[in-house]
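Dear colleague,

Please find below the sequence and structure that I am handing over to you.

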Amino acid sequence: MKASLIILSFFAVGLLLGIYRIFPVQWLEYEFSFYVLCALMFSVGFSIGHQPQTVKQFKTIPIRIVFLPLTTIVGTLAGAFVVVFLTNHSASDVLAVASGMGYYSLSSILITQYKGIELGTIALLANIFREVLALLLAPFLVKYFGKLAPIAAGGATTMDTTFPGIVRYSGKEFSIVSIYHGFITDLSVPFLVTLSCSLL
Amino acid sequence: MHLAPIKEFEACLTGGRVNIILTNIISHTNLMYTVLLFIILGIFTGFLFRNQKITFVNKVITVLIWLLLFLLGAEVGLNDQVVTNFHVLGFEAFLIALFATFGSVIGAWLLWRKVK
């Protein structure tokens, strides 16, 4: 929660500096953010490759629950596809935003680079909304859709921000499932976003 | 991304709309390949160093995300079109979030009925 607020305050400060034209426009013309993005992608990759300890814990997960990240990804994309018929956005746009899976920082940055600032802003807001929905709806979801539902709703955030809520409402026995689900969904985000953006 | 207008201008000089579209597609694809290349390079490097205790990567990621979100904020703030349409973008974002969450919940519900 605290980490999210710090991230959002960086966005807010940038936003204010931009609106009041304190931030020099020329700074955006050097593709500086692209080089930072490459550094970020390398670090994200590094943290994926460097986690043998985390992966070992996942061996205790029941075989059918192993498919939970897959149902989350397919369900997310299928659900979001409905929005193609409700707005003027292309399937590529909508699926790219939904592929963020609640990982708003990374997805908004990537989508801004690929598709421009407008869709990047939608991605930031949509994925913040998803995190908030997952946090608020957890007790309701457990009641009507079973103990896996709050984990699916949390998307890529189930090993950090939404983790405490999931353990509380689904039960302690779902904590490894929650971490596993967050781990797999999280690492699929950059690939899914890139794939969705490349759809014509 | 920000060099796109220059590339379009070059494309105009060399001829036709088709060329503009082609240049855009090529620069887009290159961007994606570059990003994926950096992730894959990172995964390999991370795997090579798997036996060393390296904890600072997560701090590096956090700081880079701060920097990029600051830049993203500035870019949004400098773009009057995005600022004035913020409520429209917000509503579309809410729709996508709602349907995406609901879709994933249905997926989890179907799986839950199998494992229960």
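The notes below describe the chains, their contact, the core and some individual residues.

This is a predicted model, in which local features need pLDDT of at least 70 and side-chain atom pairs count only at pLDDT 80 or more, while totals for chains, interfaces and linings use all residues. Residues are numbered from 1 along each chain as its sequence is written, and chains are lettered from A and ligands numbered from 1 in the order in which they are written.

Chain A has ten helices and zero strands; both kinds of element are DSSP runs numbered from the N terminus, helices being H or I with at least four residues and strands E with at least two. The radius of gyration of chain A, 18 Å, is close to the 16 Å that the globule rule gives for 200 residues, so the chain is as compact as a globular protein of that length. This radius is taken over C-alpha atoms, and the rule is 2.2 Å times the number of residues to the power 0.38. The C-alpha trace of chain A spans about 55 × 40 × 30 Å along its principal axes. Of the 200 residues in chain A, 54% are buried. A residue is buried if 20 or more other C-beta atoms lie within 10 Å of its own, exposed if 12 or fewer, and partly exposed in between, with C-beta atoms placed from the backbone.

Chain B has five helices and zero strands, and 31% of its 116 residues are buried.

The contact between the chains takes 85 residues from chain A and 69 residues from chain B; two residues are in contact if their C-beta atoms, placed from the backbone, lie within 7 Å. On the side of chain B that touches chain A, α5(B) gives the largest share, with 24 residues. The residues of that side divide into 49 nonpolar, 15 polar and five charged. In this division Ala, Val, Leu, Ile, Met, Phe, Trp, Tyr, Cys and Pro count as nonpolar, Asp, Glu, Lys and Arg as charged, and the others, Gly among them, as polar.

The largest nonpolar core holds 87 residues, of which A:Val97, B:Ile96 and B:Ala108 touch the most other members. Such a core is a set of buried Ala, Val, Leu, Ile, Met, Phe, Trp, Tyr and Cys residues joined through C-beta atoms within 7 Å. Beyond its neighbours within four places in sequence, A:Val97 is in contact with A:Ile111, A:Leu119, A:Ile122, A:Ala123, A:Ala126 and B:Ile96.

Helix α4 (residues 68-81) of chain A deserves a separate note. Ten of the 14 residues of α4(A) are buried, so the helix is largely enclosed by the rest of the structure. Among them are A:Leu68, A:Pro69 and A:Ile73. The buried residues of α4(A) pack against α5 (91-98), α8 (149-154) and α10 (175-198) of chain A together with α5 of chain B.

Two residues of chain A may be set side by side. A:Arg21 has a phi near 55°, a positive value in a residue other than glycine, and is found in the loop between α1 (2-19) and α2 (32-49). A:Met101, also not a glycine, has a positive phi of about 50° and is found in the loop between α5 and α6 (104-115). A:Arg21 counts as exposed because it has 10 C-beta neighbours inside 10 Å, whereas A:Met101 counts as buried because it has 30.

Yours sincerely

Definitions and conventions:
Expected span 1.5 Å × (residues − 1).
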